[in-house]
Amino acid sequence: MDKYEEFKKDIYNLTKIDLNAYKEQQMKRRIDSLIGKRKCKSYRDYVQMIKTDKEAFEEFVGFLTINVSEFYRNPEQWKLFVDEFIPELIKKFGRRLKVWSAACSTGDEPYSLVMAMSKHLDLSQIKIIATDIDKQILEQAKVGLYNEKSIAHVPDEYKKKYFTKIGRSYQIDEKIKKCVEFRQHNLLRDDYIKDCDLIVCRNVLIYFTDDAKYEVYGKFADSLKKNGILFIGNTEQIINYATLGYKRRYSFYYEKEKNKNEL
């Protein structure tokens, strides 16, 4: 057996972190660098070190931790989502909502959605379709490993219930992971998911041109059921939203008021 394959198994047994989710050549090169820095002669020696040396263990897990994500970004918007929009959506569409987290990046948004929805629904009733253009980032989202800063805004009850501390990092619970289906998707090229009750796409379209934004928001409108909700980011707004069939509810929440044939 390849020694790196054996190493990956040892790491999984030790941390439940699956190194298969990371690009192998890049990851192996960086791990080799870590091993050299620690003056270990083999993968097996390094595994023995991180089993017994807390500092080396935390260095290794921190090295794998995703640093760019943030759960419950803009907490006041999430409070509104929990207090007003989830109950409203359940009343309109029932308890098995069709939810799309578009351009989900490292998974913080769909996992936040699951925890927020769990306030009103059983986990068995929650299913989020989460998409992103970057296949590698989706694989890392499936690992579900985050640093302390990333989960700073997660309500304490969910931190205790759904995160396990590994070194200085935190891994999200399998029960939350099971509620999310990750798929690769290009917002500018691929077909959109249809008949959604809720679409969440936050802090992504700021990087798009105005024409591309208008096109994407129009496609989101087509994807939503009538009276469905679009939840966008803190730095975004939809210009001429009424021409796309939206009604603005709050700064970052838009309701699909009309179908195309009613415009």
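How many residues does helix 2 have, and what does it reach from its first C-alpha to its last? In this predicted model, helix 2 spans residues 24-37, has 14 residues and reaches 20 Å between those two atoms, close to the 20 Å expected at 1.5 Å a residue. Met 27, Ile 31, Leu 34 and Ile 35 of this helix are buried, and because the buried residues fall within an arc of 100° when seen down the helix axis, they line one face of helix 2. An α-helix has 3.6 residues a turn, so residues three or four places apart point the same way. On the other side of helix 2, Gln 25, Arg 29 and Lys 37 are exposed, and just after the helix, Lys 39 adopts a positive phi of about 60°.

When residues up to four places away in sequence are not counted, Phe 81 touches Ile 86, Pro 87, Leu 113, Ala 116, Met 117, Leu 198, Phe 231 and Tyr 253.

As to confidence, the protein averages a pLDDT of 90, and 95% of the residues score at least 70. Confidence is lowest in helix 4 (residues 54-64), at a mean of 81, and highest in strand 1 (residues 99-101), at 98.

Terms used: Residues numbered from 1 in each chain as written. Predicted model: local features only at pLDDT ≥ 70, side-chain atom pairs only at ≥ 80, totals over all residues. Heavy atoms only, no water. pLDDT = per-residue confidence, 0-100. Helix = DSSP H or I, 4+ residues; strand = E, 2+ residues; numbered from the N terminus. Expected span 1.5 Å × (residues − 1). Buried < 20%, exposed > 50% of the residue type's maximum accessible area, 1.4 Å probe, protein only. Arc of directions from axis to C-beta. Contact = heavy atoms within 4.5 Å.
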